[in-house]
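Hello,

Here is the structure we talked about handing over. Please open it alongside this note; what I found follows below.

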There are 2 protein chains.
Amino acid sequence: MPDLTPERIVRLEPDAVVLLDQRRLPAEEIELRCASAAEVAEAIRTLAIRGAPAIGVAAAYGLALAASRGEDLDAAYDVLAAARPTAVNLRWALDELRDDPTPAHARALHDEEVARCRAMGRHALGLFPAGSGARVLTHCNTGGLATGGYGSALGAVRAAWEAGRVEHVWVDETRPLLQGARLTAWELDALGIPFSVIVDGAAAALMAAGEVDSVLTGADRIAANGDVANKVGTYGLALAAMHHDLPFVVVAPTSTLDLGAAAGADIPIEERDPEEVTDRFAARNPAFDVTPAALVTAIVTEAGVHRAPYESSLAIAARTP
Amino acid sequence: MPDLTPERIVRLEPDAVVLLDQRRLPAEEIELRCASAAEVAEAIRTLAIRGAPAIGVAAAYGLALAASRGEDLDAAYDVLAAARPTAVNLRWALDELRDDPTPAHARALHDEEVARCRAMGRHALGLFPAGSGARVLTHCNTGGLATGGYGSALGAVRAAWEAGRVEHVWVDETRPLLQGARLTAWELDALGIPFSVIVDGAAAALMAAGEVDSVLTGADRIAANGDVANKVGTYGLALAAMHHDLPFVVVAPTSTLDLGAAAGADIPIEERDPEEVTDRFAARNPAFDVTPAALVTAIVTEAGVHRAPYESSLAIAARTP
């Protein structure tokens, strides 16, 4: 059984940030040692660690490592903040740590992120009807690997499964990098939760066949109006869920909220190397898309379950200590 | 430049049906020789040749080969008809050939299928505004490879491009077998038509960004009410197109019509080996889905452009000689 403790996913040692290399999973469980802020940034950029909350934690550890090594902190901040553009957690974690970039502070931030996941799981439980097993569809990976422990949307699925409220998980494989088929499937397998991997294009047909009860995803950034940036493919899922009158629920910690972005149009969408799609022909590779708030049934943060109008419900969440 | 003549895609020789092995494209152009009806059926089952019209042509050649070899014709019919369940063209072509299973008859059927494609391309031209270049999104492969020459939806794109009415083609890669990224991209590259491959999940976001003008797909079977069975992922595309007020057009020859199926629910959906999706974890692999007629802007056959109500417009098409 894989070790999915928070320390295994990412931790700070005296001379390095050590993380489980998610590019190699599930074939190999290999730890990657990053000996400088620049190496942590490279690990984030190349997706050795990914998932909005997890890259925030890794960046915090990177800044603490830079401080302990006597690196220029402004330069370390900049290289880490520039590693990926869409997830707001990256900059949030760096800003949290900046005035006190100690190992103890970074570890506290990591602990708090995991605690937020467990709180989200408790809040989300109310969205699953008691006494019946839901068939939940999810996209990308939002488990312990994506958050530094426990998980956001997949943490909610786990909590609901432990409460007897989940029967089966449909796992979008999530092209081009297959975070669903590789990482979510690996986590669900380890947890003993029944699941099937599907190609991303099969989700709508499963909904039409009545085989899906709800859709749960994470988020990389949530704008003040409730628009959600998440792994490309999320928007199409939300459209299909709406058409089939299924709940489309986003589970993400408040560290993913960006109240400085009024709407989805203000969120930068990362375009990654087309070779991730095909190395033979021309390709486009947007890594994220934006789901309008109008398609989102509820947003679950550690502060609770937020519903439209999101301008007010999210503003309250952001003020929660 | 690849040879995409009808004879190269599939042909009958005195002792074999010879076809371009589409499983190996675009890396290798290798011909596969099938020396019996059973070998043709195996080539169809394993997708050495695929695409509803093309497998109809291959099956017709297989029955003609069986007749010339003195095989039991009923057994040959049965093994060919059972090769794949969803595309109705397979049984249609076998029924066409049954009473006169000669090489000349099979070749005529092949010629007619290609002629139908060219006619569809002419009819579809009216769906592209003159004097402007459309950005067309397509799914799977519906080119010469899928029809035995020229193509259905991709044939229509080709005709419109030659008339200056197409500017760019978005090619869904089409998991799990990547017919878009492998075959459609290869055909468009050979034709010199500008295109970009995208992951299937990126299509809806491109529509939201205003980068798509219309969606064109083929079909594996069309029911009497206009419901369309096609490669899995088509239904989600149709939902996204509807949400963005984009035309969703199906281009398919009348050999794809099954007026014996009242609606999509009457069409068998092939479930293929889960290992096509992942060989490590449990998976589901429906190869097709059904798009309700209500989402289809128009169906183009060689008889013309059909619009709702499809019960009457398709019935007229089926009567066209």
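**Two helices in chain B**

H3(B) and H6(B) are roughly antiparallel to each other, because their angle of about 170° is over the 145 degrees cut-off. Keep in mind that this is a predicted model.

H3 of chain B covers residues 52-69, and H6 of chain B covers residues 103-125. Their axes lie 8 Å apart. From H3(B), the residues in the contact are B:Pro53, B:Val57, B:Ala60, B:Tyr61 and B:Ala64. They meet B:Pro103, B:Ala106, B:Arg107, B:Leu109, B:His110 and B:Glu113 of H6(B). By class, that contact has eight nonpolar residues, one polar and two charged.

**A covered helix in chain A**

How many of the 10 residues of helix H8 of chain A are buried? Seven are, so the helix (residues 153-162) is mostly covered. The buried ones are A:Ala153, A:Leu154, A:Gly155, A:Ala156, A:Val157, A:Ala159 and A:Ala160. What do they pack against?

- Helices: H6 (103-125) and H9 (179-191).

After H8(A) comes A:Gly164, with a positive phi near 75°.

**A:Asp289**

This residue sits in strand S12 (residues 288-291) of chain A. Is A:Asp289 buried or exposed? Its relative accessibility is 2%, so A:Asp289 counts as buried. Its side chain reaches two backbone nitrogens: that of A:Gly233 at 2.8 Å and that of A:Tyr235 at 3.2 Å.

Beyond its neighbours within four places in sequence, A:Asp289 is in contact with residues of chain A, including A:Val228, A:Asn230, A:Lys231 and A:Thr234. It also touches chain B, at B:Gly201 and B:Ala205. A:Gly210 is 79 residues from A:Asp289 in sequence and 26 Å from it in space, C-alpha to C-alpha.

**B:Asn225**

Now a loop residue. B:Asn225 lies between strand S8 (221-223) and strand S9 (228-231) of chain B. At 17% relative accessibility it is under the 20% cut-off, so B:Asn225 counts as buried. The B:Asn225 side chain reaches the backbone nitrogen of B:Asp227 at 3.0 Å.

Leaving out neighbours within four places in sequence, B:Asn225 is in contact with B:Ala262, B:Ala263, B:Gly264, B:Ala293, B:Tyr310 and B:Glu311.

Best wishes

Technical notes: Residues numbered from 1 in each chain as written. Chains lettered and ligands numbered in written order. Predicted model: local features only at pLDDT ≥ 70, side-chain atom pairs only at ≥ 80, totals over all residues. Heavy atoms only, no water. Axes fitted to C-alpha atoms, helices over the stretch in contact; angles between N-to-C directions. Helix = DSSP H or I, 4+ residues; strand = E, 2+ residues; numbered from the N terminus. Parallel < 35°, antiparallel > 145°, perpendicular 65-115°, else oblique. Contact = heavy atoms within 4.5 Å. Nonpolar A, V, L, I, M, F, W, Y, C, P; charged D, E, K, R; others polar. Buried < 20%, exposed > 50% of the residue type's maximum accessible area, 1.4 Å probe, protein only. Polar contact = N/O pair within 3.5 Å; in protein donor to acceptor, adjacent residues only side chain to side chain.
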